Amino acid sequence: MLQISTGPGQLWEVDYRAADTVTLNGEPFAWDLVDLGEGRFHVLHEGRSYNAEVVSADYATKSIALKINGQRVELNAKDRFDLLLERLGMSDAIAAKVNELKAPMPGLIVDIRVEPGQAVLKGDPLLVLEAMKMENILKAPADGTVGSIKINLRDNVQKGQVLVQFA
């Protein structure tokens, strides 16, 4: 189960564990999805047609930006572990202990949006990592100050490689 939000007061519970069934807020969600390649999809739902494109995906923070019929939509997901940590009041405590940002996947650094000494807030964009022809915005996992940037623009990075250290 995932909890998906697109803004304040806009929450949906999505269950996708069954092989051929997706539920949205406990109700069956019937759709036809066709992968057009390069992060683009065609979706049919209740007789309506949608064109969807993945603009960016940050797997570390579970944030995805989509374009649906040309309109940008920002999604944030929480899985059952995120929700449990939040219920226990530990979500901010875990994030506060992070002192470095690592590459979530191999790719190419196409933009660096911060510099050493810069103060950042949780969720601020730090870098843009291109992987599989998609731009992934890597965001600050917690409030802090950028200590050092361990990569350069146009560097190829490996999964798990340290990209930014925080002071």
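Let me start with Gly 89, which sits just after helix H1 and takes a positive phi of about 75 degrees. Helices here are DSSP runs of H or I with at least four residues, strands are E runs of at least two, and both are numbered from the N terminus. Before going on, the background: this is a predicted model, where local features need pLDDT of at least 70 and side-chain atom pairs count only at pLDDT 80 or more, while totals for chains, interfaces and linings use all residues. Residues are numbered from 1 along each chain as its sequence is written, and side-chain values use heavy atoms, with hydrogens and water left out.

At the other end of H1, which covers residues 80–87, Asp 79 caps the N-terminus. One of its side-chain oxygens lies 3.0 Å from the backbone nitrogen of Phe 81.

Asp 79 also forms a salt bridge with Lys 62, at 3.7 Å from N to O. A salt bridge means a side-chain nitrogen of Lys or Arg within 4 Å of a carboxyl oxygen of Asp or Glu. Lys 62 is in the loop between strands E7 (48–58) and E8 (63–68), and Asp 79 is in the loop between strand E9 (71–78) and H1, so the pair ties together parts 17 residues apart in sequence. Lys 62 is partly exposed, at 28% relative accessible area. On that scale, buried is under 20%, exposed is over 50%, and partly exposed is in between, using a 1.4 Å probe and protein chains only.

How many salt bridges does a search of the whole structure find? Seven. Another of them joins Glu 38 to Lys 133, with the closest N and O atoms 3.6 Å apart. This pair links distant parts of the chain, 95 residues apart: Glu 38 lies in the loop between E5 (32–37) and E6 (40–45), and Lys 133 in the loop between E13 (125–131) and E14 (134–139). Both Glu 38 and Lys 133 are exposed. Glu 74 and Arg 72 also meet in a salt bridge, at 2.8 Å from N to O. Salt bridges with shared partners join Lys 62, Asp 79 and Asp 82 into one network.

Technical notes. Polar contact = N/O pair within 3.5 Å; in protein donor to acceptor, adjacent residues only side chain to side chain.
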